[in-house]
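Student: Can we go through this one together? I'd like to start with the open spaces and then look at the rings.

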Amino acid sequence: DPALQAISTVMYMVTTFDYLPNLRHISFKYIDWAFDDIFEQLRVPAFPPQVTHLSIDYTYSAAALIPLASYLKSVYTRRGAPRVTIPNVRRLSVSGASAEFIADMLQVCPNVETLEISNPTRLHLLTPLPSTIRTLVLCHPGTRIDKEQIYWWTLDSALDAGLRRLGTKTRIIVRSGTPDPAAFTEMKRYCKRFGAQLVYERDDTCKS
């Protein structure tokens, strides 16, 4: 696909000719596309070394495409995780992808200190987090979150399974509209048992 070649070319030009020495953030936005292309792009040896923040966003124009995306993800998962690393990335933001994909990206970016996930679910699949991570941001942009959504984080199971490695101080930030107070308080107490701090930050884009 010419568009995908263009992405690789841009990153190559930025690195080779040092056009953007102050560039710190690269964002990939995929629409109706499979999950494996990002790993092909990141295999390019010219990924700009000055970049410390990587964002990856997947969206689908029709609900009918979501099962296809899930199928393509399952094929990718069976094929195995990519053998590529980008050690300079310190902040990783992911939206519209599964927990399995995020786990693979953490292998690609082994020195991430802040992990930001939009509409997170099944966090137990990320266990254990890399020891470098200090902040986990759970985002529900523009919406309030109810008890069921908090349940689907599986944060309690994740902590039980070793989400937070011993010796690290993990701060978990929930950024959303107002969360269900009882469920959030219960989860906050549970996190405290593991030495993790659960805090809430209001998402100003929330209209409800």
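Student: What does the lining of the largest pocket divide into?
Tutor: The model is predicted, so local features need pLDDT of at least 70, side-chain atom pairs count only at pLDDT 80 or more, and totals for chains, interfaces and linings use all residues. Residues are numbered from 1 along each chain as its sequence is written, and side-chain values use heavy atoms, without hydrogens and water. The lining has 14 nonpolar, two polar and two charged residues. Nonpolar is Ala, Val, Leu, Ile, Met, Phe, Trp, Tyr, Cys and Pro; charged is Asp, Glu, Lys and Arg; the others, Gly among them, are polar.

Student: Which element gives the most to that lining?
Tutor: β1, with seven residues. It spans 25-31. A strand here is a DSSP run of E, at least two residues; a helix is H or I, at least four.

Student: New topic. How many aromatic pairs are there?
Tutor: Eight in the whole structure. Rings of Phe, Tyr and Trp (its six-membered ring) pair if their centres lie within 6.5 Å; planes under 30 degrees apart are stacked, over 60 edge-to-face, the rest tilted.

Student: Are F28 and Y30 stacked or edge-to-face?
Tutor: F28 and Y30 are stacked, 6.3 Å centre to centre, with 5° between the planes.

Student: And how are Y58 and F101 arranged?
Tutor: Edge-to-face, at 5.5 Å and 85°. Y58 lies in strand β2 and F101 in helix α4, so the pair ties together parts 43 residues apart in sequence.

Student: Which residues do ring pairs link into a cluster?
Tutor: F28, Y30, F39, Y58 and F101.
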